[in-house]
Structures are given as C-alpha cells and as structure tokens.
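This briefing is meant to be read with the structure open beside it. Please look at the model first, and then follow the points below one topic at a time.

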Amino acid sequence: MNGEESSVTKLIKKLQLIPHVEGGYFRETYRSGTEPMTSGGHTDLSGTVLFTEPDHKERNVLTSIYYLLTREQPKNYWHRNKSNIVRYFQGGDSFKIYLISPKGQLFSTVLGLNVLDGEVPQKTIPAGYWEAIELQWGNNGWGLIGEAVAPGFDYRDLELGTDDLSTEYPHLKQVIRQFLKENQFD
C-alpha cells in the first residue's frame, strides 16, 4: 500500500472502533440517558433504566453500536443475548447471519441492500437465539452494521458459544464449529 492507510484502518480510526470479544470491531454510540462507552458495557444506573424479567435487574432502556467485520476479521462468533437485537445494514459488503433457535432450528439471512436478490436491510435477533455472522466477500473488504439492543446491552447478559453447542445440537455440528474461536475444541 506504499505507506498509505487502508480504507479499513481509516474507517476504524474515524469511527473510533475497538476490538470486540465476538470478533470484529465496535463502538457504543448510544446508552439511554448516559454517556456511551463510559460504563464498560454494563448498565449505567445514572442513565434511563428499566427492570427486566424474571430477575428484576436494572438495564438501560436501549443501547446502540457500530459493528464492523473485515477481510482480516470476517467472523462474529457464536453468542446469545438475553435482549432482542435489531441489526441494520450500514454499508460495505453484505453479511450472512446464522441463527439457532432454542429448539435447534438453523436459520440464515443475508443482511444487505440488494433487496431484489433476497437481502434484507435490517434483521431482528430474538433474545435467547444463538447467533453468528460472516462477512460476504465483495469489493469493499469490510461491512458495517448498526445495532440496537433493548433492553440495553450488558455484558452480564452475553454468553459466548463453546463446542458444547455441538453436543446440544449435534445435527448442526459442522456449522457450529465454523464459528467458534480457533483451537477452542482441540
């Protein structure tokens, strides 16, 4: 690149993104009633909160992030959340979203703007579903998603997938292992 920054590096810097535990990069852009990125991904009681069922824990009403996958980091690993998540396509290359329902059904959707070819510009991920995302190869080498979580995201509500998913859903072992962090089951 002759000393020039790549467009991905520029995008990461411009949006002030940091590495995400699920893979890729992110930045919290909104946390209801309080300053984003100051609570370290936990409920900020100085903000607008609500109580969630069944344990009546306080959660910010809504959070939102930018989320970026790149050719170098094209996968978002299996995870599930206790809150609903709405993902919005923002730009770049499309994404394939994989979901496993609590009953073990596998679903996939392509998130993007090519609606006439079956892509969707937004997708709701129900609470309790396992999810993984893969960047689709295109001309950009990156894809950007906006994400809203309600009740607001809290790391205590996040569960990362392990190879135990293959035991729970043996009929999905092949796709599950594609989206586990490397060497997790060696």
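Strand S7 (residues 84-92) and strand S12 (residues 142-150) run antiparallel and are joined by eight bridges, and within this pair Asn84 stands opposite Ala150 in S12. The model is a predicted one, and the chain in it contains three helices and 13 strands.

**The six-stranded sheet**

- Strands S7 and S12 belong to an open sheet of six strands, whose order is S1-S2-S5-S12-S7-S10 and whose pairing is antiparallel.
- The edges of this sheet are taken by strand S1 (18-19) and strand S10 (122-125), and because each of them has a single partner strand, one side of each is left without a neighbour in the sheet.

**Strand S11 and its partners**

- How many residues of strand S11 (residues 130-135) are buried? Five of its six residues are, so the strand is largely enclosed by the rest of the structure.
- Strand S6 (residues 75-81) pairs with S11 in the antiparallel sense over three bridges, and here His79 stands opposite Glu131 in S11.
- Strand S8 (residues 95-100) also runs antiparallel to S11, to which it is joined by six bridges, and in this pairing Ile100 stands opposite Trp130 in S11.

**The hairpin of S8 and S9**

- Strand S8 is joined by six bridges to strand S9 (residues 106-111), and these two strands run antiparallel, with Tyr98 standing opposite Ser108 in S9.
- Together S8 and S9 form a hairpin that has five residues between the two strands, and in its turn Gly104 has a positive phi of about 90°.

**Salt bridges between parts of the chain**

- The count of salt bridges comes to eight, and the points below describe some of them in turn.
- Asp157 forms a salt bridge with Arg59, and the closest N and O atoms of the two are 2.9 Å apart. Since Asp157 lies in the loop between S12 and strand S13 (158-160) while Arg59 lies in strand S4, the pair ties together parts that are 98 residues apart in sequence. Both Asp157 and Arg59 are buried.
- The side chains of Glu159 and Arg80 also meet in a salt bridge, with an N to O distance of 2.9 Å. This pair links distant parts of the chain, with Glu159 in strand S13 and Arg80 in strand S6, 79 residues apart.
- Are Glu159 and Arg80 buried, partly exposed or exposed? Glu159 has a relative accessible area of 36% and is therefore partly exposed, and Arg80, at 25% relative accessibility, also counts as partly exposed.
- Glu131, the residue of S11 that stands opposite His79, forms a salt bridge with Arg87, in which the closest N and O atoms are 2.7 Å apart. Because Glu131 lies in strand S11 and Arg87 in strand S7, the pair ties together parts that are 44 residues apart in sequence. Both Glu131 and Arg87 are buried.
- Salt bridges that share partners join Arg59, Asp154, Arg156 and Asp157 into one network.

- Which residues make the nonpolar surface patch of about 220 Å²? The patch is made by Tyr30, Val61 and Leu62.
- Val61 has its place in the loop between strand S4 (58-60) and strand S5 (63-70), and its relative accessibility of 31% is why it counts as partly exposed.

**The chain as a whole**

- The chain has 186 residues and a radius of gyration of 17 Å, which agrees with the value near 16 Å that a compact globule with this number of residues would have.
- Along its principal axes, the C-alpha trace of the chain spans about 50 × 40 × 40 Å.
- Buried residues make up 45% of the 186 residues in the chain, and the chain exposes about 10000 Å², of which carbon and sulfur atoms supply 50%.

Note on methods:
Residues are numbered from 1 along each chain as its sequence is written. This is a predicted model: local features need pLDDT of at least 70, side-chain atom pairs count only at pLDDT 80 or more; totals for chains, interfaces and linings use all residues. Side-chain values use heavy atoms; hydrogens and water are left out. Patches are made of residues with over 30% relative accessible area and no salt bridge: like charges are joined within 9 Å, nonpolar side chains (Val, Leu, Ile, Met, Phe, Trp, Tyr) within 5 Å. Accessible areas come from the Shrake-Rupley method with a 1.4 Å probe; for residues, only the protein chains shown count as cover. A salt bridge is a side-chain nitrogen of Lys or Arg within 4 Å of a carboxyl oxygen of Asp or Glu. Helices (H or I, at least four residues) and strands (E, at least two) are DSSP runs, numbered from the N terminus. Buried means under 20% relative accessible area, exposed over 50%, partly exposed in between (1.4 Å probe, protein chains only). The radius of gyration is taken over C-alpha atoms; the globule rule is 2.2 Å times the number of residues to the power 0.38. Two strands pair if DSSP finds at least two bridges between them.
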